[in-house]
Amino acid sequence: MTQTTYKRRPAALRRSWMFVPGLDPAAQAAGLDSGTDALVADLEEFTAPAERPAARPRIAALFAECRARGVVAAVRINKLEDDGLADLRGVMAGAPDAVFLPHAESAAQIVALDEAISALETELGLPPGNTEIVPTLESALGLVRAHDILTASPRVSACLLAAEDLTASLGAERGKDGIELHAVRARFLVDCIAAGCVPIDCPFNYRDLPALEADLRWARRLGLKSKCATVAEQMPLIHTVFTPGAAEVDAAHDCVARFLAQRAGRHDAERIDPPTYNTARRLLARHDQFQRWAAERRAPAVPHQGDSA
């Protein structure tokens, strides 16, 4: 029988990262059922220290469940100087797609994590370099050192911006409109794009869907395309905002066609300005990325040498 090949969703097309506790099967099942693009089993904030030894093998087994459903399998460990090395050894047998490192404040932390992952990949016979690293920026110091952190290892594919710890570091006052983090989120986007990795926007920690939608549309306008979540009910809205819809795609095609016709000499009552045209082109390029990924996932697996008939 031909084996089914797991195809890891490209980092640029991971719209959502659902965080779940490390030792809560019901929460993990709800996270998978939410339709998230990536599931992050959390050994840091969402798992008590006394529960971590039992949670690690549970998480290693969870990765297979993720892959069976086409979901990127990730884990957030503790800092290496805390329980992080034990966390890593306990979960690497399950071959995580990505490892999140909390409280990243220096390139040296990323280099140390890269070395620890490399050693375990060799020891366990895993493909070298296959495990991604996702630093989390949770302080003013981490933010100003972002470029050094994000370029410290070729494993770094994305970066997460924290919300609560970061606002505590800044001494900011929280609100549903998120004004206190607007400047930081804009800077974070620039730092990630400059470093060649995907910026994962901070979680929206209010149970208010209209406010979430406003926040998501502000983030999309800025250029953010990926969101962390801790509430499964947020997932449909995150995907709706971060995925070009059919009406948007039709309107973008019409906009491009009208602009090109006007540039060729046609005179219309409503002119299409270059910024509008360029935005439409980018939306269509994004839509094409999703279409090509969907086609790739539908393609039958190619039998490899040694597969039985």
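Reader: Which residues lie nearest the centre of the largest cavity?

Author: This is a predicted model. In it, 15 residues line the largest cavity. Those nearest its centre are Arg174, Gly178, Pro203, Phe204 and Asp215.

Reader: How many cavities of 30 Å³ or more does the structure hold, and how much space lies in the largest?

Author: The count of cavities of 30 Å³ or more is 1. The space in the largest cavity is about 90 Å³.

Reader: Which helix gives the largest share of the lining of the largest cavity?

Author: By class, that lining has 6 nonpolar, 3 polar and 6 charged residues. The largest share is 3 residues. They come from residues 179-195, helix H8.

Reader: How does H8 lie against H9, roughly parallel or oblique?

Author: The axes of H8 and H9 cross at roughly 40° and come within 11 Å. Angles under 35 degrees would count as roughly parallel, so this angle makes H8 to H9 oblique.

Reader: Is the crossing of H8 and H9 left-handed or right-handed, and which residues meet there?

Author: H8 crosses H9 in a right-handed sense. From H8 come His182, Arg185, Ala186 and Leu189. From H9, their partners are Asp215, Trp218, Ala219 and Leu222.

Reader: How many residues of each class make up the contact of H8 with H9?

Author: Asp215 of H9 is part of this contact, and Asp215 is also among the residues nearest the centre of the largest cavity. The classes in the contact are 5 nonpolar, 1 polar and 2 charged.

Reader: How much space lies in the largest pocket, and which residues are closest to its centre?

Author: The largest pocket holds about 610 Å³ of space. Its lining has 22 residues. Closest to the centre are Arg220, Gly223, Lys225, Arg282 and Leu283.

Reader: Which element gives the most to the lining of the largest pocket?

Author: Elements giving two or more residues are H8, strand S7 (198-200), helix H9 (209-222), helix H10 (235-242) and helix H12 (274-298). The top contribution is 6 residues, and it comes from H12.

Reader: How do the residues lining the largest pocket divide by class?

Author: H8 and H9 both give residues to this lining. The charged residues number 5 and the polar ones 4. The nonpolar count is 13.

Reader: How do H3 and H4 lie, roughly parallel or roughly antiparallel?

Author: Helix H3 spans residues 80-91 and helix H4 spans residues 107-124. Their axes are 11 Å apart, at an angle of about 25°. Angles under 35 degrees count as roughly parallel, so H3 and H4 are roughly parallel.

Reader: Which residues of H4 meet H3, and what is the make-up of the contact by class?

Author: H3 passes H4 in a right-handed crossing. H3 brings Leu80, Glu81, Leu85, Leu88 and Arg89. H4 answers with Gln109, Ala112, Leu113, Ala116, Ile117, Leu120 and Glu123. The classes are 8 nonpolar, 1 polar and 3 charged.

Reader: How do H1 and H2 lie, roughly parallel or oblique?

Author: Helix H1 (residues 25-33) packs with helix H2 (residues 52-68) at about 25°. Their axes are 12 Å apart. With the limit for this class at under 35 degrees, H1 and H2 are therefore roughly parallel.

Reader: Which residues of H1 and H2 meet, and is their crossing left-handed or right-handed?

Author: H1 supplies Pro25, Gln28 and Leu32. H2 supplies Arg58, Leu62, Glu65 and Cys66. By class, the contact has 4 nonpolar, 1 polar and 2 charged residues. The crossing of H1 and H2 is right-handed.

Methods: Residues numbered from 1 in each chain as written. Predicted model: local features only at pLDDT ≥ 70, side-chain atom pairs only at ≥ 80, totals over all residues. Heavy atoms only, no water. Axes fitted to C-alpha atoms, helices over the stretch in contact; angles between N-to-C directions. Helix = DSSP H or I, 4+ residues; strand = E, 2+ residues; numbered from the N terminus. Parallel < 35°, antiparallel > 145°, perpendicular 65-115°, else oblique. Left-handed = near helix turned anticlockwise from the far one by under 90°. Contact = heavy atoms within 4.5 Å. Nonpolar A, V, L, I, M, F, W, Y, C, P; charged D, E, K, R; others polar. 1 Å grid on protein atoms, 1.4 Å probe; cavity = no way out; pocket = protein on both sides within 12 Å on 5 of 7 lines; lining within 4 Å. Points joined across faces, edges and corners; volume = space filled by probe spheres on them.
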